[in-house]
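This briefing concerns the strand pairing, helix packing and surface of one model. Please consult the sequence and the structure shown below.

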Amino acid sequence: MAGTDHLSAVFSALADPTRRAILADLAERDATVTELTASLPMSMPAVSRHLKVLERATLISRTRSGKWRASHLEAAPLREAADWIERYREFWDSSLTRLDAHLAAVQAAERPRNSTDRDPRPSTETASDHKEP
C-alpha cells in the first residue's frame, strides 16, 4: 500500500500545471526559489509551497549551500509514474489493434455485397432504347 500512496502523491503533485512548469525548469538545471519565481507569475512564498509539495512527493530534493537552497529534479518517481502509465498504454494499443482488425473484417465483408448491389459505371441507356415492339 505504501507504493500506491507514493504513486498517488506523485500524480497529485503532477496534476498542477505550476508544479509541472517547475519540474520542466528543474529538468534543465538546479534552481533556487528566486530563480524559479522569475519564470512564474506568482510570489516566492507561493513557489515555496509548490516546492514543498514536490519535495513530499520526492519529485525534487533540496540542498543548502550557505544561505542558498537549490532544488534538484529527482527522476525516479517520474519513472515509476511512467511505468504505471505504460501498462495502460499497452492495454489501449492492444484494444486498438483488435478494433482495427474488426473494422478491416467488417469492411472486407461489405466490399463484395456493395460491388454487386449496383454498377458504379454511369448508364448510357435512355428510356427510348427500351421501346417495346
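Strands β2 (residues 60–65) and β3 run antiparallel and are joined by 6 bridges. This is a predicted model, in which local features need pLDDT of at least 70 and side-chain atom pairs count only at pLDDT 80 or more, while totals for chains, interfaces and linings use all residues. Residues are numbered from 1 along each chain as its sequence is written, and side-chain values use heavy atoms, with hydrogens and water left out.

**Sheet**
- Strands (E, at least two residues) and helices (H or I, at least four) are DSSP runs numbered from the N terminus; two strands pair if DSSP finds at least two bridges between them.
- Ser 61 has His 72 as its bridge partner in β3, and Ile 60 has Leu 73.
- A hairpin is formed by β2 and β3 with 2 residues between them, and Gly 66 in the turn has a positive phi of about 65°.
- Strand β1 (residues 31–32) pairs with β3 (residues 68–73) in the antiparallel sense over 2 bridges; Thr 32 has Ala 70 as its partner in β3.
- The 3 strands form an open antiparallel sheet in the order β1-β3-β2.
- β1 and β2 are the edge strands, each pairing on one side only.

**Helix packing**
- Helix α2 (residues 17–28) packs on the sheet and touches β1, β2 and β3, its direction making about 95° with that of β3; angles run from 0 to 180 degrees between N-to-C directions of lines fitted to C-alpha atoms, for helices over the stretch in contact (heavy atoms within 4.5 Å).

**Helix α5**
- Ile 85 lies in helix α5 (residues 76–117).
- Ile 85 counts as partly exposed because its relative accessibility is 44%, the class between buried (under 20%) and exposed (over 50%), with a 1.4 Å probe and protein chains only.
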